[in-house]
Amino acid sequence: MWPYPKIVAHRGGGTIAPENTVAGLRAGLAYGFRAVEFDVMLSRDGIGMVIHDPEFGRTVAGLGAVARTLARDLAAMDAGSWHSAPFKGEPVPYYTQFIAYCRQHGIWMNVEIKPSDGVEAATGAWVAQVTRDAYAQEIAAGQVARVPLLSSFSHAALAAARDAAPEVPRAWLLDRLPPDWQAPARALQAVAIHTNHRHLTQALAATVKAAGFGLFCYTVNDPDRARELLSWGVDGLCTDRIDLIGPTFT
Ligand code: G3P
Ligand code: MG
């Protein structure tokens, strides 16, 4: 039900390095992580870029939006200075660069499809197709633990991913589980539910597991809370505190 690593570095390398950068992946590796969550959004020219916010101003300076900017211009932006001086000039990565780095270092990927408004289906389909093509060998060989897991808060993005490349597994991201979460999750043929640990109870966790889904929590930064969640049967979690909750955490 959850063949993937239990502890996953959030947005690349958590708080140790600028989020959603190759420097983040490098930081995760330095802490022994071989599992990562990050966010993918389409540029104006329809290319998947690793970035969280649809608008500029937080991790990249200035005014503007990812969906209105060409990929090559995004790739030239500084996504590191906001974090700290040593990361000045760290670029906004192409999704394909993240794939290459993760393949090279044996890092499992939880790819969060983070569509800008209005391009949910296009984003889901693009990410699913590119992921399927990159992992065609693993998919054909049935190496399920090596194939990335796509996740999204957007049901439309996941539905498009399912239609474009059904062989790449999907997880539905929900801040809070509504009472009727099961039917939409089944319609997506989702293998897992990803949810905000703050709203999860032991009873809800048991319901998800009993329904046959994997259960993953974001974003858990307190080791005591992580231990509690795992004791409830939560299969995996991502953390910003890769220094406190390491890959072998129990
Ligand atoms: O995928 C889990 C988590 O990353 C979802 O929230 O805003 O950090 O992308 P966010
Ligand atoms: Mg995310």
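Arg-11 counts as buried because its relative accessibility is 18%, where buried means under 20% relative accessible area, exposed over 50% and partly exposed in between, with a 1.4 Å probe and protein chains only. This residue lies in the loop between strand 1 (7-9) and helix 1 (22-30), helices (H or I, at least four residues) and strands (E, at least two) being DSSP runs numbered from the N terminus. Although Arg-11 is not a glycine, it has a positive phi of about 55°. Asn-20, found in the loop between strand 1 and helix 1, likewise is a residue other than glycine with a positive phi, near 55°, and at 3% relative accessibility it counts as buried. Most residues other than glycine have a negative phi.

The structure is a predicted model, in which local features need pLDDT of at least 70 and side-chain atom pairs count only at pLDDT 80 or more, whereas totals for chains, interfaces and linings use all residues. Residues are numbered from 1 along each chain as its sequence is written, chains are lettered from A and ligands numbered from 1 in the order in which they are written, and side-chain values use heavy atoms, with hydrogens and water left out.

The secondary structure of the chain consists of nine helices and nine strands, and the C-alpha trace spans about 45 × 40 × 35 Å along its principal axes. Of the 250 residues, 56% count as buried. Among contacts (heavy atoms within 4.5 Å) with a separation of 6 or more, 56% are accounted for by residues 24 or more positions apart.

When residues up to four places away in sequence are not counted, Ile-193 touches residues including Trp-172, Leu-174, Trp-181, Val-208, Phe-213 and Phe-216.
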